[in-house]
Amino acid sequence: MSTNSGNISEASNQQQQQANQLKPIQVKLVLLGEAAVGKSSLVLRFVNNEFIDNKEPTIGAAFLTQKCKLLDKIIKFEIWDTAGQERFHSLAPMYYRNAQAAVVAYDITKAASLDKAKSWVKELQRQANPNIIIALVGNKLDLEDQRQVPKEEAQLFANEAGLLFTEASAKSGEFVMEVFTEIAKKIPLDSLSSARSRNGLSTSGSNTNADGTVNLGDDSTNNSSQCQC
Ligand SMILES: Nc1nc2c(ncn2[C@@H]2O[C@H](COP(=O)(O)OP(=O)(O)O)[C@@H](O)[C@H]2O)c(=O)[nH]1
Ligand SMILES: [Mg+2]
């Protein structure tokens with residue numbers, strides 16, 4: 001092979017790499033946790049940078065997307081925000097099946113919500129994709145004066161279970177972006193194959209109901225191509 005063709009193939013490799021880096025890596029992410037810990041609020045903070053007091057509970061699940069640009073890659077999170085009520089528990093596998101990442105949230109002012117978070121983590125580790133990246137998030141950090149869950153206790157569990165961990169506040173915005181940035185950093189560059197083809201759920205046509213019980217959010221409000229990470 002001549003040097004020229006070597007150079008050409010090297011150049012085309014570089015072009016391919018650059019193209020790959022510009023092409024968003026689709027990452028299916030599921031939010032799990034007890035009702036009212038602030039799952040929807042965390043997503044709203046991440047996607048729209050806003051907070052709504054007394055947010056109405058999620059019915060079934062909502063779908064939102066947000067891009068996150070890192071130095072070497074663009075991650076497009078396809079986020080399934082699930083309802084925390086026990087009656088929706090049986091739907092959860094539909095959302096975490098084939099998810100590449102999960103945010104399991106609890107409320108630092110409610111000790112029982114950490115127990116629920118732990119049981120979600122165990123269920124994910126038993127039944128979800130074995131390579132799933134799980135972040136444990138203690139929400140409502142702004143309510144420090146009402147804290148029931150010591151940070152060390154959650155940190156210890158996260159360390160033992162091999163999870164990312166942070167405390168955050170959807171209300172103040174503190175550490176919310178960090179949750180998603182840290183997950184994005186852990187997504188391997190070579191996971192370029194379309195998440196859509198691997199997902200159990202199609203994410204196209206997100207305004208249509210998947211079935212009677214699922215209330216899919218309006219993706220059209222989330223047209224932000226800018227990265228918030
Ligand atoms: N103080 C405080 N309240 C929050 C925070 N995040 C959510 N909330 C409130 O907690 C309630 C439940 O939030 P929501 O996002 O619907 O919880 P979800 O059921 O887990 O999706 C709502 O009244 C929110 O306004 C937070 O970081 N701090
Ligand atoms: Mg919700």
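Around ligand 1, the shell of residues splits into six nonpolar, nine polar and six charged ones. This is a predicted model, so treat what follows as a tour of a prediction. The chain has seven helices and six strands, and buried residues make up 39% of its 229 residues.

**Around the ligand**

- Ligand 1 is surrounded by 21 residues. The closest of them are Gly38, Lys39, Ser40, Ser41 and Lys171.
- Which element gives the largest share of that shell? Helix 2 does, with three residues.

**The overall layout**

- Look at contacts between residues at least 6 apart in sequence: 73% of them join residues at least 24 apart.

- The six strands form an open sheet with the order 2-3-1-4-5-6, and the pairing is mixed.
- Strand 2 (61-69) and strand 6 (164-167) sit at the edges, each pairing on one side only.
- On average, neighbouring strands of this sheet are turned by 20° against each other, ignoring direction.
- Here is a bit of background: strands of a sheet pair through backbone hydrogen bonds, either parallel or antiparallel.
- Strand 2 and strand 3 (residues 74-82) run antiparallel and are joined by nine bridges. To spot this pairing in the structure, find Lys69, which stands opposite Ile74 in strand 3.

**Helices that pack on the sheet**

- Helix 4 (residues 111-127) packs on the sheet and touches strand 1 (25-33), strand 4 (101-107) and strand 5 (133-139). The direction of helix 4 makes about 165° with that of strand 4.
- Helix 6 (residues 176-186) also packs on the sheet, touching strand 2, strand 3, strand 4, strand 5 and strand 6. Its direction makes about 170° with that of strand 5.

**Strand 1, covered from end to end**

- How many of the nine residues of strand 1 are buried? Nine of the nine are, so the strand counts as mostly covered.
- In a regular strand the side chains alternate between the two faces of the sheet.
- In strand 1, Ile25, Val27, Leu29, Leu31 and Gly33 point one way, while Gln26, Lys28, Val30 and Leu32 point the other way. All of these residues are buried.
- Strand 1 runs parallel to strand 3, and seven bridges join the two. One pair to look for is Gln26 with its bridge partner Lys76 in strand 3.
- Strand 1 also pairs with strand 4 in the parallel sense, over five bridges. Here Leu31 has Val103 of strand 4 as its bridge partner.

**Trp80, a buried residue in strand 3**

- Trp80 has its place in strand 3.
- Why does Trp80 count as buried? It has 26 C-beta neighbours inside 10 Å, and a residue is buried if 20 or more other C-beta atoms lie within that distance.
- Leaving out residues up to four places away in sequence, Trp80 touches Val30, Leu31, Ala61, Phe63 and Tyr95.
- Trp80 and Ala102 are 22 residues apart along the chain, and their C-alpha atoms are separated by 9.4 Å.

**Helix 2, tucked inside**

- Helix 2 (residues 39-48) is largely enclosed by the rest of the structure, because nine of its 10 residues are buried.
- The buried residues of helix 2 are Lys39, Ser40, Ser41, Leu42, Val43, Leu44, Arg45, Phe46 and Val47.
- What covers them includes strand 1, strand 2, strand 3, strand 4, strand 5 and helix 6.

**Where helix 2 meets helix 6**

- The axes of helix 2 and helix 6 come within 9 Å and cross at roughly 80°.
- Are the two helices roughly parallel or roughly perpendicular to each other? They are roughly perpendicular, because angles of 65 to 115 degrees count that way.
- Helix 2 brings Leu42, Arg45 and Phe46 to the contact, and helix 6 brings Val176, Met177 and Phe180.
- By class, the residues of this contact are five nonpolar, no polar and one charged.

Key:
Residues are numbered from 1 along each chain as its sequence is written. Chains are lettered from A and ligands numbered from 1 in the order in which they are written. This is a predicted model: local features need pLDDT of at least 70, side-chain atom pairs count only at pLDDT 80 or more; totals for chains, interfaces and linings use all residues. Two strands pair if DSSP finds at least two bridges between them. Helices (H or I, at least four residues) and strands (E, at least two) are DSSP runs, numbered from the N terminus. Axes are lines fitted to C-alpha atoms, for helices over the stretch in contact, and angles run from 0 to 180 degrees between N-to-C directions. Two residues are in contact if their C-beta atoms, placed from the backbone, lie within 7 Å. A residue is buried if 20 or more other C-beta atoms lie within 10 Å of its own, exposed if 12 or fewer, and partly exposed in between; C-beta atoms are placed from the backbone. A residue is near a molecule or strand if its C-beta atom, placed from the backbone, lies within 6 Å of it. Ala, Val, Leu, Ile, Met, Phe, Trp, Tyr, Cys and Pro count as nonpolar, Asp, Glu, Lys and Arg as charged, and the others, Gly among them, as polar. Angles under 35 degrees count as roughly parallel, over 145 as roughly antiparallel, 65 to 115 as roughly perpendicular and the rest as oblique.
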